[in-house]
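Reader: Can you walk me through this model? Keep it quick.

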Amino acid sequence: MAFKDLFRFNKGKTTFVFIGGKGGVGKTTVSAATALWLADEGKKTLIISTDPAHSLSDSFERNIGHDPTPIAENLFAAEIDPEVAMQDYQAKMKEQQALNPGMDMGMMQDQMDMASMAPGIDETAAFDKFMQYMTTDEYDIVIFDTAPTGHTLRLLSFPEMMDSWVGKMIKIRRQVGSMAKAFKNIMPFMGDEEEEDRALEDMEESKKKIREARGVLSDPNRTSFKMVVIPEEMSIYESERAMEALKKYNMHADGVIVNQIQPEEADCEFCQARRNIQEKRLETIKQKFGNQLIAQVPLFQEEVKGMERLRGVARILYGEEKPLALE
């Protein structure tokens, strides 16, 4: 199987790909090259950076905003801006309150507080984007260029946390609603029952969407995870732990991309020493990640920036020729 065969598409349904790994391993380069390759293949593609330290703009040499920015034919990119994301969230809460005048303002404040706490507004906004494109199916594929591993795992835990939180709010709302109805005759100012019911319906709908999102995240036909590693112990072991953690969310990493490999034709003593160390690390990678398809990307002399160099990386990973792979 070639590495490009790991991508699955469903007619009328968006495919999601998370590209993760330790900080500094080249996730953005791999993500950008992958997105460009898919767009060149005719797939309407969106790449979203969830890393607070964005570098998609640098990779594509384009100014990229919070909302999808056209990059090339079939290709759009977005870099999540936490401040804009919070403003969007506040606007949604105000809209929800306007539609439900009987909604408890304290409940709204709880939602705002939750949005500003762990897992953080970056992960909150990323999950919001996932929910948005999961339901609209506007793109053939959405690629998430993720933050370092810890941030990404918090993002993937978000649906479970939200499901639990909304469930508790629904329970409280029902209890309050029951009390309100019981005292309605002696406390007629307590609010309109229709407004209370509408607020409860909104929360029930939110819970339904969150559970649907959990289902899409754990569906290998809709969502997959590609891990980027470099042939160094810290990267290998962190990636191994991350793959174990993914299992808790019923997600599976089907591919591993080994980046920044020193060329075999080393022309200096230092380069040869580095290559010898990497050979040992490549054996470790083969042992630890033997159940995944493994591909290699060499260390380039110059930074991988701009469309043509990104296409060069894409040709190595997804070209017609067999991609470099551990035998």
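**Chain overview**

Author: Of the chain's 327 residues, 48% count as buried. Buried means under 20% relative accessible area, exposed means over 50%, and partly exposed lies in between (1.4 Å probe, protein chains only). This is a predicted model, in which local features need pLDDT of at least 70 and side-chain atom pairs count only at pLDDT 80 or more, while totals for chains, interfaces and linings use all residues. Residues are numbered from 1 along each chain as its sequence is written, and side-chain values use heavy atoms, with hydrogens and water left out.

Reader: What does the chain average in pLDDT?

Author: The average is 81, and 74% of the residues score at least 70. pLDDT is the predictor's confidence in each residue, from 0 to 100.

Reader: Where is confidence lowest, and where highest?

Author: Lowest in helix H4 (residues 105–116), with a mean of 54. Highest in helix H1 (residues 27–40), at 97. Over residues 321–327 the pLDDT is below 50, yet this stretch has 19 contacts in the model beyond near neighbours in sequence. Contact means heavy atoms within 4.5 Å.

Reader: How many helices and strands?

Author: The chain has 10 helices and 8 strands. They are DSSP runs, numbered from the N terminus: helices are H or I with at least four residues, strands are E with at least two.

Reader: What is the strand order in the sheet?

Author: S3-S4-S2-S5-S1-S6-S7-S8, an open sheet of 8 strands with mixed pairing. Two strands pair if DSSP finds at least two bridges between them. S3 and strand S8 (293–298) are the edge strands, each pairing on one side only. From one strand to the next, the twist averages 25 degrees.

Reader: How is that angle defined?

Author: Axes are lines fitted to C-alpha atoms, for helices over the stretch in contact, and angles run from 0 to 180 degrees between N-to-C directions.

Reader: Which way do S1's neighbours run, parallel or antiparallel?

Author: Strand S1 (residues 15–20) pairs with strand S6 (residues 223–229) in the parallel sense over 5 bridges. With S5, S1 also pairs in the parallel sense over 5 bridges. On the S6 side, Gly 20 has Met 227 as its bridge partner, and Val 17 has Ser 224. On the S5 side, Phe 18 stands opposite Phe 144.

Reader: Which S1 residues point which way?

Author: Thr 15, Val 17 and Ile 19 point one way, and Phe 16, Phe 18 and Gly 20 the other. In a regular strand the side chains alternate between the two faces of the sheet. S1 is mostly covered, with 6 of its 6 residues buried.

Reader: And S3 with S4?

Author: Strand S3 (residues 69–72) and strand S4 (residues 75–79) run antiparallel, joined by 3 bridges. Thr 69 stands opposite Ala 77 in S4. Their hairpin has 2 residues between the strands, and Asn 74 takes a positive phi near 70 degrees there.

Reader: What packs on the sheet?

Author: H1 does, touching S1, S2, S4, strand S5 (141–145), S6 and strand S7 (253–261). The direction of H1 makes about 165 degrees with that of S5. H8 lies across S6 and S7, at about 165 degrees to S6.

Reader: New topic. Which residues have the most contacts inside the largest nonpolar core?

Author: Phe 18 and Phe 130, in a core of 39 residues. Helix H5 (residues 121–136) gives the most to this core, with 7 residues. A nonpolar core is a set of buried Ala, Val, Leu, Ile, Met, Phe, Trp, Tyr and Cys residues joined through side-chain atoms within 4.5 Å. A second, separate core of 35 residues includes Ile 64 and Tyr 318.

Reader: Last one. Thr 149, buried or exposed?

Author: Buried, with a relative accessible area of 9%. Thr 149 is in helix H6 (residues 149–182). Its C-alpha atom is separated by 8.0 Å from that of Ser 239, 90 residues apart along the chain.
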